[in-house]
Amino acid sequence: MDAILWLAAVVVLLVIEIATLGLTTIWFAGGALIAGIAAVTGAGSIVQFVIFLIVSLILLIFTRPVAVKYLNVNRTRTNAESLIGKEAVVTQTVENLKNQGQVIVGGIEWTARTGDNETVIEKDTVVEIERIEGVKLIVKKKG
């Protein structure tokens, strides 16, 4: 009976994974599969559950980073996220301590800051967009 429940869990988790494609439940489906095999071999319910947890966590910890790295290669960035890595031109000196700085990228002006308070980037400098924090672009000098 336990083996049938684990098999049902595998099927449900795989269906959820197929529906979401978020690499969220596939790891637990692997754990349920191994726990089901343990149930067929006669392991007790507690042992099955412990095996499920251990295998799921091992799969999650060790294989998820690799899978995400290779499966998200062709993901298209959208909206503001697509600006990361692009070049911009400083239209107002970027100086964090004075709470000032603007850049223009793609014809749109953005508030800009640097990654630290010591760096000042002068007007007309070409910068690279490192990341986005709220509505501000975090930039660094190009090169």
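# Briefing: salt bridges, strands and a bent helix

At 43% relative accessibility, K142 counts as partly exposed, because that value falls between the 20% and 50% cut-offs. The structure is a predicted model. K142 takes part in a salt bridge with E87, and a search of the whole structure finds three salt bridges.

**Salt bridges**

- The side chains of E87 and K142 come together with a distance of 3.4 Å from N to O.
- E87 belongs to strand β1 (residues 87-95) and K142 to the segment after β6, so this pair ties together parts that are 55 residues apart in sequence.
- E87 is also partly exposed, with a relative accessibility of 47%.
- In the salt bridge between E95 and K98, the closest N and O atoms are 3.9 Å apart.
- E95 counts as buried at 18% relative accessibility, whereas K98 counts as exposed at 56%.
- R131 and E133 form a salt bridge through their side chains, at 2.8 Å from N to O.
- R131 is partly exposed at 34% relative accessibility, and E133 is partly exposed at 42%.

**Strands**

- Strand β2 (residues 100-105) pairs with strand β3 (residues 108-114) in the antiparallel sense, over four bridges.
- V105 stands opposite I108 in β3.
- The hairpin of β2 and β3 has two residues between the strands, and G106 in this hairpin takes a positive phi near 60 degrees.
- β3 is also joined by four bridges to strand β6 (residues 136-141), and these two strands run parallel.
- T114 has V139 in β6 as its bridge partner.
- In a regular strand, side chains alternate between the two faces of the sheet.

**Helix α3**

- Q48, F52, V55, S56 and A67 are buried in α3.
- The buried residues of α3 pack against α1 (2-20) and α2 (26-40).
- An α-helix has 3.6 residues a turn, so residues three or four places apart point the same way.
- S56 has a relative accessible area of 1%, and it counts as buried because the cut-off is under 20%.
- Leaving aside neighbours within four places in sequence, S56 is in contact with W27, F28 and G31.
- α3 bends by about 45 degrees at T63, and the proline P65 follows within four residues.

Note on methods
Residues numbered from 1 in each chain as written. Predicted model: local features only at pLDDT ≥ 70, side-chain atom pairs only at ≥ 80, totals over all residues. Heavy atoms only, no water. Buried < 20%, exposed > 50% of the residue type's maximum accessible area, 1.4 Å probe, protein only. Contact = heavy atoms within 4.5 Å. Pairing = 2+ DSSP bridges. Bend = angle between axes of the 7 residues up to and from the residue. Salt bridge = Lys/Arg side-chain N within 4 Å of Asp/Glu carboxyl O.
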